[in-house]
Amino acid sequence: VAAYNDTIFAIIKEHLYLINKNAEIVTDINLGYNPKLYYRTGGTHYLIGAEEIALSNNLKDFYHFPLRRSVPIASRNLIEADTLSNFTYLLTENAVWRIPNNIEVFEGNKTIKAICTDTQDTYYLTAQNELYVLENGNKKAKWIYTFDHDNKIQWMYIADGFLYFYNLNNEFQKMKLSHKWIKNYILNSPEIVLDSEAKITAANVRRQKDGSIATYLGIRDGMISIDNKQPIDTISELQKAYITAMFSHKDTERLYIATLNDGVSYMGLNNKIKSIPGTQDASFIKDIIATNDHNPNLILLTNQQILSLNPQDSVRVKGYKRLLYASDTLFYALPEFGIHKFSIREGKIIDRGIYFRDTRFATNSQLENDRLQLASNVGALSFPADRESEAEWIQFDDALNINMLQTILLICILMIIFASLLVIISKRRNTNIMQI
């Protein structure tokens, strides 16, 4: 039993009763299972059992999560909210479980693994390998394709109507995309461009001077160049280097290449590699961005700090996984939870605060066209750079059932073949009759 405002919440067997101050049952909710505890913080209702927890924001739709450890139901004060950190803490056997207080978990109806953006539209890949597109000006993303379950995509990029991506099996692939799902299933399919023996660790797709597309893949022991006009080749200057990240601006020739323990280099459009002085001492480099001015400043993310090289400054961090460039004076970093904003002013890295602390964002998030597109296990969050108050969660249409879709397409194809045969047979009969 728990009381909030003028309402008593009582769990009896598999029912949750809402009782007013006059001892009248206002609502009777059949839960279908038997939780032991009820708790509420903000707009989120928690129904806690010994082995699982259910969350709801409307007491109609419930999201069930198994617990790694049992809850000691006989104990008291098992759950407590920390409004400052935006987390709720649940006591389990020999452990404390930290639960985000993010009510948007009920609005972001897809777990998003990766995001990429072209000049107009944004593409989202879900944990179920469903591909969605949010067309410019629309409010809801629409489903356009579902990849095979075993094609576990780790990164993707869109350019000139082609989706480039690599998967957990270290296969680099591309696929021509339409915004119509039926075209993708009839006319388009993924094509393996490279099956790498070494682990793919980073990727960058960029436009050449002649307008063609070139791809650079970082691997565990070097870098590979893929150009439609030339054979697939390795970059000799980077042999045995463990590539961790690459970064470039769309309107410049330089491609910055970060390595785990061999510093940072850059490459021009002629594929010539030059090492950047002062970066060899940086170890365990995870990511890199650079300003786009006359004298570029490199900003590195290592396992212990964010480093600005020109001018020199640093900020101690731990567990951060990605940098997102917004402008020459503004960038973001992704910690374990939330997104951390920084600015560069008077040669110093200025801490601008952490936003959305209760959401774990994926490394395959994007900052393109001055807008952040953040992937997470509770959906996709989007907002203009430096305007976090305007953040909105992307809504998604339902994907079609693939097995049913394939069956329908097969039936349609068979019907077309059968109809074509009937037409051919009919024409032959008419021809024979005319000859007689």
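## Loop residues with positive phi

The loop between strand S10 (87-92) and strand S11 (95-100) contains Asn-94. In this predicted model, Asn-94 has a positive phi of about 65 degrees although it is not a glycine. Most residues other than glycine have a negative phi. With a relative accessible area of 77%, Asn-94 is exposed.

Lys-13 is found in the loop between strand S2 (7-12) and strand S3 (15-19). Its phi is positive, at about 55 degrees, although Lys-13 is not a glycine. Lys-13 is exposed, with a relative accessible area of 69%.

## Aromatic pairs and cluster

The structure holds 20 aromatic pairs. In one of them, the ring centres of Tyr-145 and Tyr-185 lie 4.8 Å apart and the planes stand at 35 degrees, so the pair is tilted. This pair links distant parts of the chain: Tyr-145 belongs to strand S15 (residues 140-146) and Tyr-185 to helix H1 (residues 181-187), 40 residues apart. Both Tyr-145 and Tyr-185 are buried.

Trp-155 and Tyr-157 form a stacked pair, with 6.3 Å from centre to centre and 10 degrees between the planes. Trp-155 counts as buried because its relative accessibility is 13%, under the 20% cut-off.

One aromatic cluster is formed by Trp-143, Tyr-145, Phe-147, Phe-165, Trp-181 and Tyr-185.

## Charges over rings

The charged end of Arg-254 sits over the ring of Tyr-266, 3.8 Å from the ring centre. Lys-174 lies over the face of Phe-162, at 5.2 Å from the centre of that ring.

Conventions:
Residues are numbered from 1 along each chain as its sequence is written. This is a predicted model: local features need pLDDT of at least 70, side-chain atom pairs count only at pLDDT 80 or more; totals for chains, interfaces and linings use all residues. Side-chain values use heavy atoms; hydrogens and water are left out. Rings of Phe, Tyr and Trp (its six-membered ring) pair if their centres lie within 6.5 Å; planes under 30 degrees apart count as stacked, over 60 as edge-to-face and the rest as tilted. Helices (H or I, at least four residues) and strands (E, at least two) are DSSP runs, numbered from the N terminus. Buried means under 20% relative accessible area, exposed over 50%, partly exposed in between (1.4 Å probe, protein chains only). A charge sits over a ring if NZ of Lys or CZ of Arg is within 6 Å of the ring centre and within 35 degrees of the ring normal.
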